[in-house]
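Please work through the exercises below with the sequence and the model side by side. Each begins with a task and is followed by a solution that goes step by step.

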Amino acid sequence: MSEIVVVFHSGYGHTQRVAQSVADGANAQLLQIDADGNLPAGGWELLAAADAIVMGSPTYMGGVSWQFKKFADASSKVWYVQGWRGKLFAGFTNSSGMNGDKDATLTYLWHFASQHGGLWVPLGIPPSHDKAARRDSLNYVGGYAGLLTTSPTDASPAEMAKGDLETAFAFGEEVARVAASRR
C-alpha cells in the first residue's frame, strides 16, 4: 500500500471537506496547514515519507491562500536537497464561483510540484458535459488537470454539492491507483 498524504489549507471548512473526501478515496492521511500557514509537529516528516502528496487550497483572489503559499515557500529546504523528487503530486481547489479562476490555482500547484521534481496525476475523470448532466454529476465543474469544486459564498461546508464530494472521493481513488501501479 502506498503512503499518500493530503496537505491542505482551508479557510472556512469547504476545502477541508473536499480534502477529507479525497483522503477517504485514497486511504490517505490528512495534514492541515493551520491559520498561520504552519504544519503541525511531524508534518514535514510525514511528507518526506509519502509516496504521493495531494495538495489543496481554496482559490482566493486568483491563487492559493497565503497560508498555503507560506507552506510552499517553507519547502525550499526540501527543494534544495530534492527531497520530494520523483514523488507523485496532485491538486485540488475550491472557490465560490463556478470558474472562479480555479485554473490559476491548479497551475500554481502543478508548477510547485514540478519545482520539486514531482510527477503530476491529473483528475482522470471525464467531465459531465451532456444535457443529462446536473450539478450533482461527477466532475460537473469540468476539471482535467486536477479537482475543481464550487461552494457558494453563503453555503456552509455541509451544503456542498454531493457530486463535488463524490468527484473528490473518485480523485482520491485515482491517485491511490496510480501510486499503487508504481510499487
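## Exercise 1: the setting of S151

S151 counts as buried because its relative accessibility is 4%, where buried means under 20% relative accessible area, exposed over 50% and partly exposed in between, with a 1.4 Å probe and protein chains only. The model is a predicted one, in which local features need pLDDT of at least 70 and side-chain atom pairs count only at pLDDT 80 or more, while totals for chains, interfaces and linings use all residues. Residues are numbered from 1 along each chain as its sequence is written, and side-chain values use heavy atoms, with hydrogens and water left out.

Task: locate S151 in the chain and state which side chain makes a polar contact with the side chain of S151.

Solution. Begin with the position: S151 sits in the loop that runs between β6 (147-150) and α6 (162-181), helices (H or I, at least four residues) and strands (E, at least two) being DSSP runs numbered from the N terminus. Next, the side chain of N94 makes a polar contact of 2.7 Å with that of S151; such a contact is a pair of N or O atoms within 3.5 Å, and within protein one must be able to donate a hydrogen and the other to accept it, while residues adjacent in sequence count only if both atoms are side-chain atoms. Finally, beyond its neighbours within four places in sequence, S151 is in contact (heavy atoms within 4.5 Å) with H14, N94, S95, S96 and M160.

## Exercise 2: the neighbouring residue T150

Task: state where T150 lies and which side chain is joined to that of T150 by a polar contact.

Solution. T150 belongs to strand β6, and with a relative accessibility of 7% T150 counts as buried. The side chain of T150 is joined to that of K102 by a polar contact of 3.2 Å. Setting aside neighbours within four places in sequence, the contacts of T150 include N94, S95, S96, R135 and D164.

## Exercise 3: the largest nonpolar core

Solution. A nonpolar core is a set of buried Ala, Val, Leu, Ile, Met, Phe, Trp, Tyr and Cys residues joined through side-chain atoms within 4.5 Å. The largest has 26 residues, and those with the most contacts inside it are V6, V22, V54 and F92. Two or more residues come from each of β1 (4-8), α1, β3 (52-58), β4 and α6, and the largest share, 7 residues, comes from α6. To see one member at work in the model, select V54: leaving aside neighbours within four places in sequence, its contacts include V6, V22, F92, F171 and V175.
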